[in-house]
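Thanks for coming. Please have the sequence and the structure open while I talk.

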2 protein chains.
Amino acid sequence: MRISELARRGGVPVGTVKYYLREGLLPPGEATSATQASYDEGHVERLTLVRALLGPGGLSIARAREVLAAVDDPSISVHDALGAACAATSEPSPQTTDLAAAMAHVGRWGWWVTEDSPALQDLARALAAAQEVDLDVTEAHLDAYAEAAARVGRADVAAVPTSSQADAVRYVVLGTVLMDPVLLALRRLAQEDASGRRFGAQDLSGLMVPLAADRTAAGT
Amino acid sequence: MRISELARRGGVPVGTVKYYLREGLLPPGEATSATQASYDEGHVERLTLVRALLGPGGLSIARAREVLAAVDDPSISVHDALGAACAATSEPSPQTTDLAAAMAHVGRWGWWVTEDSPALQDLARALAAAQEVDLDVTEAHLDAYAEAAARVGRADVAAVPTSSQADAVRYVVLGTVLMDPVLLALRRLAQEDASGRRFGAQDLSGLMVPLAADRTAAGT
DNA sequence: CAATAATGGAGAGTGATAGTGTCTAATGTC
DNA sequence: GACATTAGACACTATCACTCTCCATTATTG
């Protein structure tokens, strides 16, 4: 297919496809002449993948390129692919963070992580930010988070397919990036549920009901 | 104090403080003359709060303004404050999303949420994005996420202080925004742990060890 | 009391990011 | 052979979160 069809299939303007090609997010099509290249189903798939990483995944072009490099690397291990995905979703450390508190927590939970994991930096920064504004995060509260995270991490790793290395790598990378928003949305919903049970019952009695599945989409 | 001291205390340039004043993120200081205003400790606290929302919280100026409006509203309920924080961290719905699948899941878990919750839209979009790229998210996998999220949501709500309405609202809003990155970082670390146990043992035996607390900060 | 520095306020400018638009020569298609 | 399409390159746009510059007006200080 030509570029216009690829763009249509992916639901993006042609210019955007060209942009992704330029940025190396999409591999070039097979050149059939000086001004023509043909693209295949693989390109369509790749394009939807790129859109997922950039949109819901929230990655920048540069980060998406790193993630895709991991997906494309046939020799990468699943564990290293996870590391690449993790790195792609972490902020670049602006200054040296004090990892002591974060490391103490992780040690308390007995988790095996490398000391230079970007996620450890992220945790340290996030906890420091909470402390900055005097947000009281108790050890028990954090333990609840850790148990929840452990549950999620175990589910993620258990779900990794064993069919092939490439499948596993793809699954790990995509799962890492695309399940973040799922988890956050679920936290919001769970908070709403818990809050409704604790705070909302009296003043919102009629408005908040357990969702029944008999309505498909709520318009205005 | 004058603006330069406020800026110094908050660790930001004076120009940035002026910008936040212009944007309504900081309340104006008490004008002592045509070209002078005095700021107090409340302003310093507010400034660190703004920095936390914009930096680690990942909010835009506009979203931060909404969140701060909730924090400032003395009559808002805790539940509504949570809703405001939730809305501030959701994408504005670009198109109508099909909520059916998301609602089915939420109903399955028996959660009480409103049908027009932004988080429900977020969940629907995130699941749709995963499906788009053929990422297989099983019901069991999602159930694990839901249980983890429920745990987190319960911990969050249980930790809400009862000292005063204002404290509770502040805690809820900040906790919602600032604990997101904590949860994501913990997921990464838990994944690394789980992955190391499953995939990493053979090829990274020496590099991955349970963290001991005898080192404070890991340099290069 | 005069020189210097800082302030408030407003508008313009900056750099990064993610595209879009425009152009050209070459090509495909009817 | 006429018209649309393409690849490739470069330039342009929009948004965001600042950052700079300017000015008249104080505050401070020697």
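I'll start with one loop. In chain B, the loop between α7 (118–132) and α8 (139–158) holds B:Asp134. The phi of B:Asp134 is near 60 degrees, a positive value in a residue that is not glycine. For background, most residues other than glycine have a negative phi. Is B:Asp134 buried or exposed? B:Asp134 counts as exposed, because it has 12 C-beta neighbours inside 10 Å, and 12 or fewer is the cut-off for that class.

A:Asp134 is found in the loop between α7 and α8 of chain A. A:Asp134 is not a glycine either, and its phi is positive, about 60 degrees. A:Asp134 is counted as exposed, with 12 C-beta neighbours inside 10 Å.

Before going on, keep in mind that this is a predicted model. How confident is the predictor in chain A? The mean pLDDT of chain A is 89, and 89% of its residues reach 70 or more. Two stretches are the ones to read with care. Residues 203–209 of chain A stay under 50 in pLDDT, and the model has 9 contacts for them beyond four places in sequence. Residues 211–220 of chain A are also below 50, with 16 contacts in the model beyond near neighbours in sequence.

How many helices and strands does chain A have? There are 9 helices and 2 strands in chain A. Read from the N terminus, the order of its elements is α-α-β-β-α-α-α-α-α-α-α. Of the 220 residues in chain A, 46% are buried. If we take contacts in chain A between residues at least 6 apart in sequence, 57% of them join residues at least 24 apart.

Next, how the two chains meet. In the model, 92 residues of chain A are in contact with 91 residues of chain B. On the chain A side, at least two residues each come from α3 (41–54), α5 (78–88), α6 (100–109), α7 (118–132), α8 (139–158) and α9 (165–200). Which element gives the largest share of that side? The answer is α9(A), with 25 residues. By class, the side of chain A that touches chain B has 55 nonpolar, 19 polar and 18 charged residues.

The two chains can also be laid on each other. A rotation of 180 degrees, with 0.0 Å of shift along its axis, superposes chain A on chain B with an RMSD of 0.1 Å. The two copies are therefore related as by a two-fold rotation axis. Both copies use the same surface, since 99% of the contact residues of chain A recur in chain B. If you want a place to look for the axis, take A:Ala148: among the residues of chain A, its C-alpha comes closest to the rotation axis, at 2.1 Å.

On to the DNA. Which residues are closest to DNA strand C? Of the 23 residues that surround DNA strand C, the closest are A:Ser60, B:Ile3, B:Ser4, B:Thr35 and B:Ala37. Both chains supply this surface: α2 (14–22) and β1 (30–33) of chain A, and α1 (3–10), α2 (14–23) and β2 (36–38) of chain B, each give at least two residues. The most comes from α2(A), with 3 residues. The surface near DNA strand C has 10 nonpolar, 11 polar and 2 charged residues.

Two or more residues each come from α1 (3–10), α2 and β2 (36–38) of chain A, and from α2 and β1 (30–33) of chain B. Here α2(B) has the largest share, 3 residues. The classes are 10 nonpolar, 11 polar and 2 charged.

Last, one helix in chain B. The 14 residues of α3(B) should span 20 Å at 1.5 Å a residue, and its end C-alpha atoms are 20 Å apart, which agrees. Its buried residues are B:His43, B:Arg46, B:Leu47, B:Leu49, B:Val50, B:Arg51, B:Ala52 and B:Leu53. Why does B:Arg46 count as buried? B:Arg46 has 22 other C-beta atoms within 10 Å, and the cut-off for buried is 20 or more. The C-alpha atom of B:Arg46 is separated by 8.4 Å from that of B:Leu25, which is 21 residues away along the chain.

Definitions and conventions:
Residues are numbered from 1 along each chain as its sequence is written. Chains are lettered from A and ligands numbered from 1 in the order in which they are written. This is a predicted model: local features need pLDDT of at least 70, side-chain atom pairs count only at pLDDT 80 or more; totals for chains, interfaces and linings use all residues. A residue is near a molecule or strand if its C-beta atom, placed from the backbone, lies within 6 Å of it. Helices (H or I, at least four residues) and strands (E, at least two) are DSSP runs, numbered from the N terminus. Ala, Val, Leu, Ile, Met, Phe, Trp, Tyr, Cys and Pro count as nonpolar, Asp, Glu, Lys and Arg as charged, and the others, Gly among them, as polar. Two residues are in contact if their C-beta atoms, placed from the backbone, lie within 7 Å. Copies are superposed by least squares on the C-alpha atoms of residues with pLDDT of at least 70 in both. pLDDT is the predictor's confidence in each residue, from 0 to 100. The expected span of a helix is 1.5 Å times one less than its number of residues.
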